Each structure stands twice: as structure tokens, then as C-alpha cells.
Amino acid sequence: MPEQTPDEAISPAGAGGAMDLALEEGATLERTPGGPEGTGPAEKPRSLWSDAWRDLRRNPVFIVSSLVIAFLVIISIWPSLIAGQDPLDCDLGKAQEGSQPGHPFGFDGQGCDVYTRTVHGARNSVTVGVCATLGVTLFGGLLGGLAGFFGGWWDSVLSRITDVFFGIPVVLGGLVFLSVVISSTVWPVIGFIVLLGWPQIARIARGSVITAKQNDYVQAARALGASNSRMMLRHVTPNAVAPVIVVATIALGTYISLEATLSFLGVGLKPPAVSWGIDISAASPYIRNAPHMLLWPAGALAITVLAFILLGDAVRDALDPKLR
């Protein structure tokens, strides 16, 4: 039997061994999540909303303002959690007295507990801010979005109407409109804010929709025969709603301060309703003798408005692609 060379002796086994090794490596790569270079599986592209949420979770301003707003919402729904007394239970014998055990904020000019009225006043203020913002956003966003999408005479008419409403001073309009209302509920104030607040959101929505409908994916959907309703709901609205959300979040704080201003002037909420604006108005003549009557409701109002404005700023920064 002829003697085999070393190369001939190992060639069959070597070929089989190399093939087995390749198969084993291929199976190992299939089982390894990291891929051949250990870089991990290909990640799905993140959307604007997922990127924004990731940035918001790392933003301390967003976290602090969200906690403050969550606390305000909770005490607005259940004020008895931290203030078990009746805000209308007053004792004239304790009028303008300072802090006492069980009454940390003292008493107002009618002998009512300032702490209890400050806590219960959050309900009307937050209700006005949230409901007015929802109404303004839905009404103004719908009108502005339709005008921006269809254009033409509808856009021209809406632009002229918004110019008229922008020319009406808000406080003066409130004095005229609400002076004839005798209701002590929040709904007349909410209706007035929606009546004069929608043009701002309408203009923001109009410009955002005009920008979004010019993108290539909208033109491609139109070329493929997509209906106007489908393009509006599936392609334009999701990519045009971010600026509207930012403006609405910031405007919520201004609507709360507007309600307090109108209540301070006597045309917003009226007694026996409990409001920070009413308490500030009642305490202003006694600011030298009993400053605590003004300090606490004014401080609560300032903190609330600041929390919503900071929240809106954080949302704006997270949704702005130019900051990425």
C-alpha cells in the first residue's frame, strides 16, 4: 500500500472538519443576539414621540413640574385628603388672625380658614384651565387644520375671522361678556376663554398642516389615490399635532391666570364659589395688616402657572427636531 503524504492524509478529514466548523459557527451566529460582531440586533427606528418621551424622562424640569401638576390634580379631585374642613365655614371672631394650631395659614377677612380655601380653590382653577384648553385645542385645531389642508376660500375666510378675534382685548372682552352673566359656576368663564382663545391654536394648526402636507409621503399617498380623510388622519395629523400640543400646554397656565384675573375683577367666578382670584381680590385691601391672606392664594396661583409653563417648555424642547 503506497504511503500517503501528510496533505493527502488530512485532506478528507480537514475538509469535513472545516465544513463542520463553518456550520457550527453559522449556528452560533444565529443563536447569538449580538450578530457576528456582537453589536446587537438591528434596532427599529424610533419615532418622534418615543425620542421625545426618552428625553422628557431625563429632564428634571419635566419631572418636577409633572409632580407638581399631579399633586394639584389630586387635590382638585379630592381636596378633603389634605383639607377636611368646609371652606365656607367661617367665624368672624377670628377674622384676619394669623397662624394657629390646626390653621397653618391663618384666617381671612371673613374668618374663613385660608389653608382650606387655598386647597379647595385649586379645583375651580384647574378645571377652568383643563376644560378651556381642551375646548380651545379641539375647536381651534379643527378649524385651523381644515383651513390649512384644503386652502382656498375656506382658508381666506378663517384668516380674516381670526384677525377680527385677535383684535379683541381679552380682559376688556371678559369685562363686557361676563358682566351680564350671573352664574357662579366655571362654565361661563370656560366658554369665554374658548371663544377668544381658539384663533391662536387655529393659526398654529394651520401652519403645521400646511408644512406637513407638502412632505413626500403625503404626496405619495395622494398619488396612490388616498382619500382626503385618510391623508388627514393617517399622514398629516400625526405629524402636525406636536406644535399644537406644545402651545396648548403652555396656554393652560395662562388660562388659569386669566380666570384668576377675571375673578379678581369680579366678573369671573363669583361667591360662594371658591377661587384663588376671589381670595386675592378679598385680601388686597388688607395686605398691610394681614399679608398672609394674600400670600398663600397668590403663591398657589404662581406655582400652578409656573408648573404648566415649565411643562410646556420641556415638551417643546423634546418635540423640537432642531435640538436633536
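## Salt bridges

A salt bridge is a side-chain nitrogen of Lys or Arg within 4 Å of a carboxyl oxygen of Asp or Glu. In this predicted model, local features need pLDDT of at least 70 and side-chain atom pairs count only at pLDDT 80 or more, while totals for chains, interfaces and linings use all residues. Residues are numbered from 1 along each chain as its sequence is written, and side-chain values use heavy atoms, with hydrogens and water left out.

A search of the whole structure finds eight salt bridges. One of them joins the side chains of Arg160 and Asp163 at 3.1 Å, N to O. Both residues lie in helix α5, three residues apart, about one turn of the helix; helices here are DSSP runs (H or I, at least four residues), numbered from the N terminus. Salt bridges that share partners also join Asp108, Arg117 and Asp279 into one network.

## A link between α5 and α7

The side chains of Asp155 and Arg206 form a salt bridge at 2.6 Å, N to O. Because Asp155 belongs to helix α5 (residues 152-166) and Arg206 to helix α7, the pair ties together parts that are 51 residues apart in sequence. Asp155 is buried, with a relative accessible area of 12%, whereas Arg206 is partly exposed at 28%. Buried means under 20% relative accessible area, exposed over 50%, and partly exposed in between (1.4 Å probe, protein chains only).

## Packing of α4 against α7

Helix α7 (residues 187-213) also meets helix α4 (residues 114-150): their axes come within 5 Å and cross at roughly 40°. The axes are lines fitted to C-alpha atoms over the stretch in contact, with angles running from 0 to 180 degrees between N-to-C directions. By class, this contact has 18 nonpolar, nine polar and two charged residues. Ala, Val, Leu, Ile, Met, Phe, Trp, Tyr, Cys and Pro count as nonpolar, Asp, Glu, Lys and Arg as charged, and the others, Gly among them, as polar.

## Nonpolar cores

A nonpolar core is a set of buried Ala, Val, Leu, Ile, Met, Phe, Trp, Tyr and Cys residues joined through side-chain atoms within 4.5 Å. The largest has 28 residues, and Ile256, Leu301 and Leu319 have the most contacts inside it. Its largest share, 12 residues, comes from α11.

Leu301 touches Ile256, Ser257, Ala260, Trp276 and Ile280, not counting residues up to four places away in sequence; contact means heavy atoms within 4.5 Å. A second, separate core of 24 residues includes Val189, Leu196, Ala205 and Val247.

Definitions and conventions:
Helices (H or I, at least four residues) and strands (E, at least two) are DSSP runs, numbered from the N terminus.
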